[in-house]
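Reader: Hi! Could you walk me through this one? I'd like to start with how you count contacts.

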Amino acid sequence: MEAVGAEALVPAGEPDRLVTGCFAADLMSDVLAFAQPGCLLITGLAKDQAVRSAAIKNLAAVLVVGGKEVDHEMIEAAQEEGVPLYRTGLSKYEACGVLMQAGYPPCGAPALRGQEAARGC
Amino acid sequence: MGDKPLAHLEYPVLGRAYFLGGRASTSLRRALLQAGVEEDVLQRVCVACYEAEMNVVLHARTGYMSVDVWPDRVEVCVTDHGPGIEDVELAMQPGYSTASEEARSLGFGAGMGLPNIRQHADELAIESKVGEGVRLVMTFWRGGRRDGSEQ
């Protein structure tokens, strides 16, 4: 999270969950269909539905991009669901680029990436 | 196999309660985990239930989610009182949506709800009466997905 200068709105518990990769989407149906357990969700959706989608898919954490205002309801949902919640001022494209360069593999939509890549996460 | 399910779970779902949207499904996730349902199965159940729950929140006045855990399967029934679906076949097409701007602002409403449900459930039946509501019945087989030909 330091790589994207993120602030922790709801910090990870102990022990910290291992982030196996990243998946970016604003459409929750895509998160539900394609995100893989253990990945970080990068999203512009600053609503509690992003946190609940992450909980359903057993994702490691949620990163809200674009410095969007995160309301109390989203923070409450993150605490309730036990999903760490971060926010960065970087745009989604920038955050994705930085995290990719930091070595986090894409994690999701295996149908779009082919079988070989799917095995990677 | 007995006549009674291993676990029976019920969740009310309120239409237009946007903040609560998804909360029944995450509660269900915890309950299924506790009931010993396998991770891959409960994930499919909860993805389908989340989409179904959001359909109720976004379109209906009120709804109900009822879940039975059996040794070999999980059965889910989501019933709502609302406008119903005029053309179920059309609604099943990826990308078809009658959702409002509000739905989109919650990260839904892109016409992927029912297609996602169909993809994650092993069996799906939709009954709808316009002006009355929708009833979704879903079956998820435990211990590997099956097609209709297997017993």
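Author: Happy to! Contact here means heavy atoms within 4.5 Å. One thing to keep in mind is that this is a predicted model.

Reader: Let's zoom out, then. What secondary structure does chain B have?

Author: Chain B has 5 helices and 5 strands. Along the sequence they follow the pattern β-α-α-β-β-α-α-α-β-β.

Reader: How does the radius of gyration of chain B sit with a compact globule?

Author: It agrees: a compact globule with 151 residues would have a radius of gyration near 15 Å, and chain B has 15 Å. Its C-alpha atoms fill a box of roughly 45 × 35 × 25 Å along the principal axes. As for burial, 50% of the 151 residues of chain B count as buried.

Reader: Nice. What about the surface and charges of chain B?

Author: Chain B exposes about 7400 Å², and carbon and sulfur atoms supply 50% of that area. There are 15 positive and 22 negative side chains in chain B, and the centres of the two sets lie 4 Å apart.

Reader: Switching to chain A: which residues of helix H3 are buried?

Author: In H3 of chain A, residues 72–81, the buried ones are A:Met74, A:Ala77, A:Ala78 and A:Glu81. Seen down the axis of H3(A), they fall within an arc of 100°, so they line one face of the helix.

Reader: Why would residues three or four places apart point the same way?

Author: Because an α-helix has 3.6 residues a turn. On the other side of H3(A), A:His72 and A:Gln79 are exposed.

Reader: What covers the buried residues of H3(A)?

Author: The cover includes strand E1 (7–10), helix H2 (48–56), strand E4 (61–64) and strand E5 (85–87) of chain A, together with helix H1 (23–34) of chain B.

Reader: And what comes just after H3(A)?

Author: That's A:Gly82, which takes a positive phi of about 70°.

Terms used
Residues numbered from 1 in each chain as written. Chains lettered and ligands numbered in written order. Predicted model: local features only at pLDDT ≥ 70, side-chain atom pairs only at ≥ 80, totals over all residues. Heavy atoms only, no water. Buried < 20%, exposed > 50% of the residue type's maximum accessible area, 1.4 Å probe, protein only. Helix = DSSP H or I, 4+ residues; strand = E, 2+ residues; numbered from the N terminus. Arc of directions from axis to C-beta. Rg over C-alpha atoms; globule rule 2.2 N^0.38 Å. Areas by Shrake-Rupley, 256 points an atom, 1.4 Å probe, with all protein chains shown as cover. Lys, Arg positive; Asp, Glu negative; His and termini not counted. Charge placed at Lys NZ, Arg CZ, Asp CG, Glu CD.
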